[in-house]
Amino acid sequence: MPVSDKKREFGKRLINLFTTSRAVLIVSADNVGSKQIQDVRRALRGDATMLMGKNTTIRRVLRDYLMKNPKSPLRAIVDYIEGNIGFIFTNGDVGKIREKVEAFEVPAPARVGSVAPADVFIEPGPTGCDPGQTSWFQALNIPTKINRGQVEMIARVHMIKEGEKVTDSAAALLQKLNIRPFSYALKGQVVYDNGEVFDAAVLDISEQDLVNKILFGARAVAALGLEVGLPTRASVVHSVNNAYKAVLSIGLGTAYKFAAVKKFEDFLANPGAFAPAAASAAPAAAAAVEEEEEEEEESVGGAAGMLVDPALLERIKSGPVFWDAEQSVSSANFVSQTSKGSGMAVCGTRLALLCACLVSWPN
């Protein structure tokens, strides 16, 4: 079958746009009018090019091109050429192009036989219809009353459900009430970008969303590493801080002292000297510390069975220590430890106060 010159020109233009554009946005044009499409073309002028045509012609052009270029990545886009679609070619930001295209949304009436894209409700109130049309509302099971010479709906009516076809009676009622329940626009479906094809919904993911996902994963890895006692890059900072807090508490509660302990002993001995720094803390944090202190005072008596291992103290004196799972002390559940040999208590109340003051590893 001979191919007309018009189709040849269309094919050349299509292949030229595919090969010279970095990205292609495939849009659905269901229920979109020609004027609406022209408005989109004008808005995209200079940033993108819209091209629409018959799917059979587009498939034939791509098939012929792929026969000559079997390794072309355009093969991935052939399966998406179906339905009432159009192509938007651009070398710019596809996300911004999509926002600009979908902004041209036009309200439309409910047409008989069309599939409802959303639920349609009719709110109660005056309809503007004369009382002679009451029987017509009754046939549709819509409760009404006569008020000031017109029919008034007295209840909210779920007229059309999403995904259902619009019936004759529903379309007639909405038209009588001058309600245009639907709105249509070119909707992005698929994106072809540098040989990769993905759903247009991916464009809704922002950089901040990606950062949040990565941080969530890092927190999960850190929590798992702390729970099972397996050091990871995400958990090692918390492990070191927890070990440092435990060493400080031992230094405060035993005769063993080192340079970093003195700063916290000064704070416990004279909290008023640190009043300007404490004033910046939130009232809620202060209340939480007071509540924890009361709980710690009540639970000191029951902590006599938890002993400080002398071998552990020797390891601490020899230098930094990374504790294993059995020796680790969490800042969340560390209450108190008591050494029967020395009679010195490592008090959880002091540790809670230190944890509130300790922000990071000291220089």
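The secondary structure of the chain comes to 13 helices and 14 strands. Helices (H or I, at least four residues) and strands (E, at least two) are DSSP runs, numbered from the N terminus. This is a predicted model, in which local features need pLDDT of at least 70, side-chain atom pairs count only at pLDDT 80 or more, and totals for chains, interfaces and linings use all residues. Residues are numbered from 1 along each chain as its sequence is written, and side-chain values use heavy atoms, with hydrogens and water left out.

Some totals describe the chain as a whole. Of its 363 residues, 33% count as buried. Buried means under 20% relative accessible area, exposed means over 50%, and partly exposed lies in between (1.4 Å probe, protein chains only). The accessible surface comes to about 22400 Å², and 54% of it belongs to carbon and sulfur atoms. Such areas come from the Shrake-Rupley method with a 1.4 Å probe; for residues, only the protein chains shown count as cover. A contact means heavy atoms within 4.5 Å. Among contacts between residues at least 6 apart in sequence, 72% join residues at least 24 apart.

Strands of a sheet pair through backbone hydrogen bonds, either parallel or antiparallel. Here, two strands pair if DSSP finds at least two bridges between them. E2 and strand E3 (residues 85-90) run antiparallel and are joined by four bridges. Within this pair, the bridge partner of Met50 is Ile88 in E3.

Two packed helices are described by the angle between their axes and the distance between the axes. The axes of helix H2 (residues 34-44) and helix H4 (residues 94-102) come within 9 Å and cross at roughly 145°. In this contact, Val40, Ala43 and Leu44 of H2 meet Ile97, Lys100 and Val101 of H4. By class, these are five nonpolar, no polar and one charged residues. Ala, Val, Leu, Ile, Met, Phe, Trp, Tyr, Cys and Pro count as nonpolar, Asp, Glu, Lys and Arg as charged, and the others, Gly among them, as polar.

Leaving aside neighbours within four places in sequence, Arg98 is in contact with Leu25, Ala200, Leu203 and Asp204.

Leu174 is found in helix H6 (residues 168-176). Leu174 has 1% relative accessibility and therefore counts as buried. Not counting residues up to four places away in sequence, Leu174 touches Ala110, Val120, Ile122, Ile160, Ile179 and Pro181. Leu174 and Ala110 are 64 residues apart in sequence, yet their C-alpha atoms are 7.3 Å apart in space.

Another open sheet has three strands, in the order E6-E8-E7, with antiparallel pairing. The edge strands, each pairing on one side only, are E6 (125-126) and E7 (144-147). E7 runs antiparallel to strand E8 (residues 150-153), and four bridges join the two. The bridge partner of Lys145 is Glu152 in E8.

Two loop residues remain. Most residues other than glycine have a negative phi, and most peptide bonds are trans. Asn141, which is not a glycine, has a positive phi of about 60°. Asn141 is found in the loop between helix H5 (134-139) and E7, and it counts as exposed because its relative accessibility is 69%. Asn194 has a positive phi of about 55° although it is not a glycine. Asn194 is found in the loop between E11 and E12. With a relative accessible area of 58%, Asn194 is exposed.

Conventions. Axes fitted to C-alpha atoms, helices over the stretch in contact; angles between N-to-C directions.
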